[in-house]
Amino acid sequence: MGTNADPLAALGALPSVADSVDSVRKAVDRVYGHRVMRRRSNEITSEAALRGARGSAALSDADWALEEVRRRSDFGGEGEPRTVGAALRLTAEAGQLLSVWRQSPLRALARLHLVAAGGSAPEDTVGRPRLAGETVSEPLIELPLPDAEEVAGRLEGLAELVLAGTEAPALVTAAVVHGELLALRPFGSCNGLVARTAERIVLVGSGLDPKSICPAEVGHAELGRAAYAAALDGYVSGAPEGMAAWITHCGRAVELGVRESTAVCEALQRGAA
C-alpha cells in the first residue's frame with residue numbers, strides 16, 4: 001500500500017474509488033431516509049442481518065435459500081448447516097465487538113474466529129492465527145497461502161493501520177480489512193466468514209451504516225463467486241488499479257445490500273412483510 005503516511009487515504013483519492021465512495025454514500029443516505037426507517041428500523045436491521053448471513057454462507061459453499069435459513073434451527077451438524085450457523089452467529093456477534101475492534105482489532109478477530117469455528121476445529125487452534133505447518137480449509141479462495149510468519153507480521157500491520165486512524169472513507173477501510181484477511185487466511189478455517197464480518201464491523205463502526213442495514217454480504221453473493229475471486233486477485237496484486245477494482249467491487253456489494261434493504265422497507269410499507 002505504498003509509503004504514504006496514510007495509505008488508505010491515498011487509495012481513497014483514486015478517481016474510480018472516489019466515484020464508488022460517492023455512489024455508496026448516496027445509496028446509504030437514500031435508504032436511511034426511507035419513511036419506514038423512522039418507525040421500524042429494528043425490523044430492517046434484523047432482516048438485514050439474516051440476509052447478510054445467508055449471503056456470507058453462500059460464498060463459503062452453503063448457498064441456501066433465504067426461507068430455508070429462516071425456517072431451520074438445526075445448525076449443529078457438519079457441512080453446510082454448520083457453515084450457515086457460523087454465519088448467523090457471526091452476524092449476531094458483530095454488533096457486540098465494535099468497542100473491542102476500536103481498541104484491539106486482533107482480539108476482535110480472535111473472538112470472531114472462536115464464534116465461527118468453536119466446536120468444529122481442534123480447541124488449541126481456535127481463536128489464534130495459524131502456526132507454521134498448519135493447513136487452511138477455505139472454500140473458493142485458491143490464492144497462494146502466505147506463511148505463518150508473514151501472516152503474523154501483516155496482521156500486526158493491519159491492526160496498527162486501523163488503530164492509527166485514517167482520513168480514508170469507510171468503504172476503503174472496510175474493503176482493505178476484508179481483502180487483507182482473505183489474502184492472509186490467518187485462521188485454519190472460516191476465514192471468509194470472518195473477513196466479511198470484519199467488513200461489516202468497519203462499515204457500522206465508521207458511522208457509514210450505524211444501524212447495520214446495508215448488508216454487503218448480500219451484494220458479494222449476488223455478484224457471484226467468480227467476480228469475488230477475480231476482484232480479490234486485483235487486491236492481492238498490490239497494484240493501485242487492482243486494489244481500486246477490489247474497493248469498487250466492495251462498493252457495488254454495499255449498494256446491492258442497500259437495494260435489498262430498500263426492498264424490505266417497501267414490503268413493510270405495503271404490509272407484505
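In this predicted model, residue D61 sits in the loop that joins α3 (37–58) to α4 (66–71), and its phi is positive, about 75°, although D61 is not a glycine. Another residue other than glycine with a positive phi is S212, in this case near 55°, and its place is in the loop between α10 and α11.

- Helix α9 is made up of 15 residues, and the span from its first C-alpha to its last is 21 Å, close to the 21 Å that is expected at 1.5 Å a residue.
- This helix is mostly covered, since 15 of its 15 residues are buried, and the residue that follows α9 is R185, whose phi is positive, near 45°.
- T173 is one of the residues of α9, and with a relative accessibility of 13% T173 counts as buried.
- When neighbours within four places in sequence are left aside, the residues in contact with T173 are L8, T166, A168 and V202.

**How α9 and α10 pack**

- Two packed helices are described by two quantities, the angle between their axes and the distance between the axes.
- For α9 and α10, the axes come within 8 Å and cross at roughly 165°, so these two helices are roughly antiparallel to each other, and their crossing is right-handed.
- On the α9 side, the residues that take part in the meeting of the two helices are A170, L171, T173, A174, V177, H178, L181 and L182.
- On the α10 side, the residues that they meet are G192, A195, R196, A198, E199, V202 and L203.

**Helix α12 and its buried side**

- Helix α12, which runs over residues 225–237, has 13 residues and reaches 18 Å from its first C-alpha to its last, close to the 18 Å expected at 1.5 Å a residue.
- The buried residues in α12 are Y228, A231, L232, G234 and Y235, and because they cover an arc of only 150° around the axis, they lie on the same side of α12.
- These buried residues pack against four helices, namely α9 (170–184), α10 (191–205), α11 (216–223) and α13 (240–270).
- After α12 comes G238, a residue whose phi is positive, near 80°.

- Apart from its neighbours within four places in sequence, V100 is in contact with P105, R107 and A108.
- Between V100 and L50 there are 23 Å in space, taken from C-alpha to C-alpha, while in sequence these two residues are 50 residues apart.

Technical notes
Residues are numbered from 1 along each chain as its sequence is written. This is a predicted model: local features need pLDDT of at least 70, side-chain atom pairs count only at pLDDT 80 or more; totals for chains, interfaces and linings use all residues. Side-chain values use heavy atoms; hydrogens and water are left out. The expected span of a helix is 1.5 Å times one less than its number of residues. Buried means under 20% relative accessible area, exposed over 50%, partly exposed in between (1.4 Å probe, protein chains only). The arc is that of the directions from the helix axis to the C-beta atoms. Contact means heavy atoms within 4.5 Å. Axes are lines fitted to C-alpha atoms, for helices over the stretch in contact, and angles run from 0 to 180 degrees between N-to-C directions. Angles under 35 degrees count as roughly parallel, over 145 as roughly antiparallel, 65 to 115 as roughly perpendicular and the rest as oblique. A crossing is left-handed if the near helix is turned anticlockwise from the far one by less than a right angle, and right-handed if clockwise.
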